[in-house]
12 protein chains.
Amino acid sequence: MVQKVIDVVGISTQGFAKAAENAVTTAAKTVRDLKWFRVAELEGSIKNQKVGEYHATVRIYFDVEE
Amino acid sequence: MVQKVIDVVGISTQGFAKAAENAVTTAAKTVRDLKWFRVAELEGSIKNQKVGEYHATVRIYFDVEE
Amino acid sequence: MVQKVIDVVGISTQGFAKAAENAVTTAAKTVRDLKWFRVAELEGSIKNQKVGEYHATVRIYFDVEE
Amino acid sequence: MVQKVIDVVGISTQGFAKAAENAVTTAAKTVRDLKWFRVAELEGSIKNQKVGEYHATVRIYFDVEE
Amino acid sequence: MVQKVIDVVGISTQGFAKAAENAVTTAAKTVRDLKWFRVAELEGSIKNQKVGEYHATVRIYFDVEE
Amino acid sequence: MVQKVIDVVGISTQGFAKAAENAVTTAAKTVRDLKWFRVAELEGSIKNQKVGEYHATVRIYFDVEE
Amino acid sequence: MVQKVIDVVGISTQGFAKAAENAVTTAAKTVRDLKWFRVAELEGSIKNQKVGEYHATVRIYFDVEE
Amino acid sequence: MVQKVIDVVGISTQGFAKAAENAVTTAAKTVRDLKWFRVAELEGSIKNQKVGEYHATVRIYFDVEE
Amino acid sequence: MVQKVIDVVGISTQGFAKAAENAVTTAAKTVRDLKWFRVAELEGSIKNQKVGEYHATVRIYFDVEE
Amino acid sequence: MVQKVIDVVGISTQGFAKAAENAVTTAAKTVRDLKWFRVAELEGSIKNQKVGEYHATVRIYFDVEE
Amino acid sequence: MVQKVIDVVGISTQGFAKAAENAVTTAAKTVRDLKWFRVAELEGSIKNQKVGEYHATVRIYFDVEE
Amino acid sequence: MVQKVIDVVGISTQGFAKAAENAVTTAAKTVRDLKWFRVAELEGSIKNQKVGEYHATVRIYFDVEE
């Protein structure tokens, strides 16, 4: 068995954990058997001198049947 | 056009996202045209054997007019 | 005086800050004089295509009397 | 909203900027809403003791509608 | 010409080289013109206090015709 | 004698070297005795599916009289 | 629940996978509930101009009951 | 409360610790409430085939009142 | 045979080498067969605008009999 | 067969690609069978407040007959 | 006494440990007093959709008499 | 003009700065026009539970005439 990895940037106005959750939720729409994620980068946009959105770039691992 | 980058350590008792937000809020008092931030380090103080404050060192990018 | 460092993976369903807090809370049961922590890695398990638990691997620094 | 990231190696005989541009041009043929790229690695082949081709491995971010 | 890169986690009970080989073998089923791989991470599961499986996360480069 | 370091993101439509040059040119308007720069990151915006601008984040070292 | 992490250097004359296995085997003698390892460094001694021993520094994760 | 970070290259003929000290001494002339430093890079010039000066690039953290 | 690794922060007012030595001296009180150390981080406290103490975080390797 | 690697800093007033090319050209004078290069660092000197020369530190791989 | 370091890419069809061994064997033909190696990178070529050769880039340390 | 880079491990019982100086002194015996060095790693041997020797692995840059 192998796993594949995709990189997704989750975005949220609520924080980094929610941003990571959004990345997983979106990946789940097109990829099955998601298993694990690892945060690669945490960033954010600033609008009108305030944090606009939190961005969490996550590497998502999923099982692949051979 | 160019951007400049400053490093600010935001501090909060509530979590890493709030700590990053505090960094941005403080930077906004002295620098205009903030655009983006990237988390460089997440740390925290421990007091009486509990998390005291969350620290988020963020690199903040802002536009500079030439 | 010196400090020692231990690596602990805190786990939480609520987010990365809570996961880091759990790591500190557990370390506090067996080690005295905790002072500081630094996040080494943020990860998470995925169950039924949703985030299961947030994992924060933190390096915890504590004072050691000589 | 989320973003996804793909890694593409652009190749050019003219330099690193052109190599990065080729990576973006190729990605644009199969992916919509490209937004940003970040250089991950710069390399090159050597042929007959001279630079053959410049290679720019770029991470390309694109918007994904949910 | 460009190359694209995919990240695959090969898994094997025999060792890291075999794990990398399994990653390449699986990638070969869905992607043509594989050229090169680079190891990004070596890990492993532990079961009953023994190494269960070796995991090799490899970045696999393949040619793309434009 | 010491040196200080500032981080500037130079931006150009022509390439990474020109982007770095723009960073230096802008720094030169407000800081004296620039000596050296080191590239920290190369990035770029994408507009209408083409490279918009090349960004070079450079760390610029300058002498400071004590 | 939390996990703790210890760093162990496994040593073997047979290769890196066997060296990692030796690290796990030794850790298993004093620590329960080992779960996962990650290779941090691969090195080796050279004796009489030949590889003497392969060294695999592995970070070993184990469950801790609270 | 927040902290800000500046990067200063201390220079000394006596060694790395003295170079770091010089960086702190210079920063102290223009910035108040210095708290901590972290070494980012250790380098040195070579003159007449001998070490000329030791350079310590340090990141210096200081408190900022809001 | 295997080795284990512990992380210790040596502290000294005299410099980084002395700080590393203090880390080793303290480790020697509780661990036998110390063999090697590697510097992971150099830092320092600042008091009254001067360097207070130099901190050297060292990874210390020691032999473990099986 | 094996390859060896040398590190060369190419220097040019025209840009990073030309600097890398100069590194390869110089290496070609004393080493045969050059195959590949990888950029390790991009830097530059500043003279009279303008970019003086671009420096590209490249790792050059070449075949060695056994 | 000092040590010098050379970078060699060992190549083998059998695995990473054998590739590292080949690097050491080749270095031993031209350099005396080899002492230690550290793996810098693990890669591999792919031919006909299968692993062709494993490549281990190793940094080899050897003693130099003054 | 180009520069080349060699990696040398300086060793000293007195500290890291002296170890780096020894690396430069040895390089000066066989290479001309040394210009600059950068510390890549700081390590040390431990003998009889005390620091034996400090090791500084330095990358040394020197000018090469074409």
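**Where chain A meets chain E**

Between chain A and chain E there are 3 salt bridges, a salt bridge being a side-chain nitrogen of Lys or Arg within 4 Å of a carboxyl oxygen of Asp or Glu. This is a predicted model, in which local features need pLDDT of at least 70 and side-chain atom pairs count only at pLDDT 80 or more, while totals for chains, interfaces and linings use all residues. Residues are numbered from 1 along each chain as its sequence is written, chains are lettered from A and ligands numbered from 1 in the order in which they are written, and side-chain values use heavy atoms, with hydrogens and water left out.

- One salt bridge is formed by the side chains of Arg38(A) and Glu41(E), at 2.8 Å from N to O.

**Extent of the interface**
- In chain A, 9 residues are in contact with 14 residues of chain E, where contact means heavy atoms within 4.5 Å.
- About 960 Å² is buried between chain A and chain E, with carbon and sulfur atoms giving 47% of that area; buried area is the accessible area (1.4 Å probe) that two parts lose on being put together, summed over both.

**Paired strands**
- Strand 1 of chain A and strand 1 (residues 2-12) of chain E run antiparallel and are joined by 4 bridges; strands are DSSP runs (E, at least two residues), numbered from the N terminus, and two of them pair if DSSP finds at least two bridges between them.
- Val5(A) stands opposite Asp7(E), which lies in strand 1 of chain E.

- No contact joins chain D and chain G, whose closest C-alpha atoms are 21 Å apart.
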